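Hello,

I am handing over the structure we spoke about. Please find it below, followed by notes on what was found in it.

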Amino acid sequence: SGCVSAQKLHRCVTAVLSHQSLERVFHHCFKPLDGIERCDPVTSLLSVSISNSATPSQKYSHRLGKGEVVVKHGDVQEARWRGPKDPRPQLQLEFLEEPEDSLDSSYKYMFQSLRDIRNVLTEKMEELGECLRSHFNIEEFSPVSLPAQDSITVLGQVCCDGNGKLNAQSLLLEAGPAQGAQRVPVNLSELSEYSLFPGQVLVMEGMNTTGNKLMASKVYEGVPLPFYTSDVEVDADAEPLNVLVACGPYTPSDSLTFDPLLDLISVITRDRPDVCLLLGPFVDSKHEQIEKMQVTETFEAIFNRCIKSIVDGTKSVGCRLVFVPSQRDVHHHFVYPQPPFTLPNLSEDQRVTLAPDPCTMLINGVTVGVTSTDILFHLGAEEIIRFSRIVKHMLTQRSYYPLYPPVDDVNMDYEKFQSFGRMPFTPDVLIVPSELRYFVKDVEGCVCINPGRLTKGQVGGTYSRMLIQPCSAPSEDGRRVSPCLAAQVVKI
């Protein structure tokens with residue numbers, strides 16, 4: 001808590017420091033995708049004052065492969081990626097949770113007891129354990145440390161016997177209070193495949209003749225939640241919705257000019273999507289010039305100008321805008337689950353939706369799960385793998401962040417996580433941006449998309465776009481039809 005407190009204090013102090021004597025105003029001409037150089041209010045809003053120079057990144061401006069499609073999912077003609085000229089009047093975008101059950105404002109954090117954390121973890125284990133017991137027709141669970149000459153079935157949470165990385169030799173299984181609350185080492189040598197990580201709740205079969213070590217022979221992993229059934233009437237003749245997804249940073253690492261964001265705005269005005277999901281960081285705490293405090297205005301001022309530029313720059317399109325914060329947004333609350341941004345000036349704008357991290361949204365009857373926290377990278381660093389299925393873990397553990405303990409960069413509030421960090425249903429589409437390579441995968445019927453980041457260091461990155469349409473009937477073979485008709489990952 002002390003380390004987290006110091007980090008948060010550093011962010012708060014740097015956010016209000018302002019070198020007024022060095023303040024400069026830069027007005028740049030940027031070249032959008034149509035090739036026309038111009039100065040307008042949007043570009044002037046994006047000019048950030050820094051102590052040395054807001055010089056555009058040369059590597060970004062000379063990047064290759066602009067607009068190249070690097071990943072495809074589904075089979076849709078290119079012309080369908082262009083939206084209609086007029087906004088759809090009947091577009092419905094809301095959170096899946098009831099208003100009283102959604103995280104819509106900031107809260108007090110950094111004050112939780114170990115007992116509270118233990119209670120949350122125990123409740124999660126008991127809920128998932130009951131689902132596993134029912135699904136696999138298991139009569140009862142045995143205590144993990146009970147000596148037995150016959151095969152036993154145990155429920156527990158994976159943990160590590162030290163502070164290092166989990167491996168096959170350091171694996172422990174910790175039971176809940178109902179099964180004795182003991183820890184026992186596990187031997188995995190008899191398993192042909194497995195994918196385990198700290199915090200994973202599962203059921204194991206095996207022998208424990210001495211009570212000191214479980215010789216695992218079988219692993220029962222979690223079961224995904226059912227999909228949401230919408231009451232929205234499906235119009236079979238309606239055009240599918242075009243949804244654009246982008247994740248920050250929106251500046252190259254060697255410059256604080258928002259050229260990549262301007263290029264993204266040009267893409268939005270060209271393709272006219274119905275919904276734009278924009279995930280942070282918008283003002284990246286890991287940017288070198290932010291870390292060295294080389295800005296001459298507050299982080300909030302930079303952020304507000306950035307958001308206003310997006311709203312003004314896309315006004316002609318009329319698309320819905322969803323802003324999701326990131327743990328790396330230097331001006332925002334450093335906690336998970338993370339409350340939505342506070343933007344009083346846009347509170348009356350019907351186009352703008354401020355979402356928490358994580359969240360589950362309903363877009364015309366299609367459920368979209370979103371988290372800006374890089375759980376894929378965190379899980380990949382801690383997982384021991386003989387058969388990799390990182391994305392599936394989120395669905396089977398029914399959680400946007402199933403890793404325990406979390407990495408040092410994630411300041412977890414477990415009481416709020418119990419309310420706002422778990423999946424209410426298996427989403428039709430799951431957005432999981434990561435430092436790992438971009439992808440689009442169908443996992444257990446859920447289309448999982450890593451759109452990549454809009455910038456990768458000093459060069460351009462990627463964004464994603466998808467066509468969604470709720471399906472009222474299964475396919476001819478009786479299988480569920482995914483509402484995500486097609487998806488692509490595109491270079492900016």
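Helix α4 covers residues 114–135, and its 22 residues should span 32 Å at 1.5 Å a residue, which agrees with the 32 Å between its end C-alpha atoms. The expected span here is 1.5 Å times one less than the number of residues in the helix. Helices (H or I, at least four residues) and strands (E, at least two) are DSSP runs, numbered from the N terminus.

This is a predicted model, in which local features need pLDDT of at least 70 and side-chain atom pairs count only at pLDDT 80 or more, while totals for chains, interfaces and linings use all residues. Residues are numbered from 1 along each chain as its sequence is written, and side-chain values use heavy atoms, with hydrogens and water left out.

The buried residues of α4 are I117, V120, L121, T122, K124, M125, L128, G129 and L132. Buried means under 20% relative accessible area, exposed over 50%, and partly exposed in between (1.4 Å probe, protein chains only). These buried residues pack against the strands β3 (148–160), β4 (171–174), β7 (201–208) and β8 (214–220), and against the helices α9 (390–396) and α10 (414–420). A contact means heavy atoms within 4.5 Å. Just after α4, N137 has a positive phi of about 55°.

**Strands β3, β7 and β8**

β7 is one of the strands that α4 packs against. Six of its eight residues are buried, so β7 is largely enclosed by the rest of the structure. Two strands pair if DSSP finds at least two bridges between them. β7 runs antiparallel to β3, with seven bridges, and A148 stands opposite N208 of β7. β7 is also antiparallel to β8, through five bridges; there E205 faces K218 of β8. β7 and β8 make a hairpin with five residues between them, and G211 in the turn has a positive phi of about 85°.

**The six-stranded sheet**

Six strands form an open sheet with mixed pairing, in the order β2-β13-β14-β16-β18-β17. The edges are β2 (93–95) and β17 (439–443), each with a single partner strand, so one side of each has no neighbour in the sheet. On average, neighbouring strands of this sheet are turned by 25° against each other, direction ignored. Axes are lines fitted to C-alpha atoms, for helices over the stretch in contact, and angles run from 0 to 180 degrees between N-to-C directions.

**Cysteines**

A disulfide is a pair of cysteine sulfur atoms within 2.5 Å, and the count comes to zero. C276 is in no disulfide; its nearest cysteine sulfur, in C319, is 3.8 Å away. C276 counts as buried, at 0% relative accessibility. For C484, the closest cysteine sulfur is that of C446, at 9.4 Å, too far for a bond. C484 is buried as well, with a relative accessible area of 4%.

**The chain as a whole**

The protein chain has 10 helices and 22 strands. Of its 492 residues, 55% are buried. Among contacts between residues at least 6 apart in sequence, 74% join residues at least 24 apart. The chain exposes about 22100 Å², of which carbon and sulfur atoms supply 50%. Accessible areas come from the Shrake-Rupley method with a 1.4 Å probe; for residues, only the protein chains shown count as cover.

Regards
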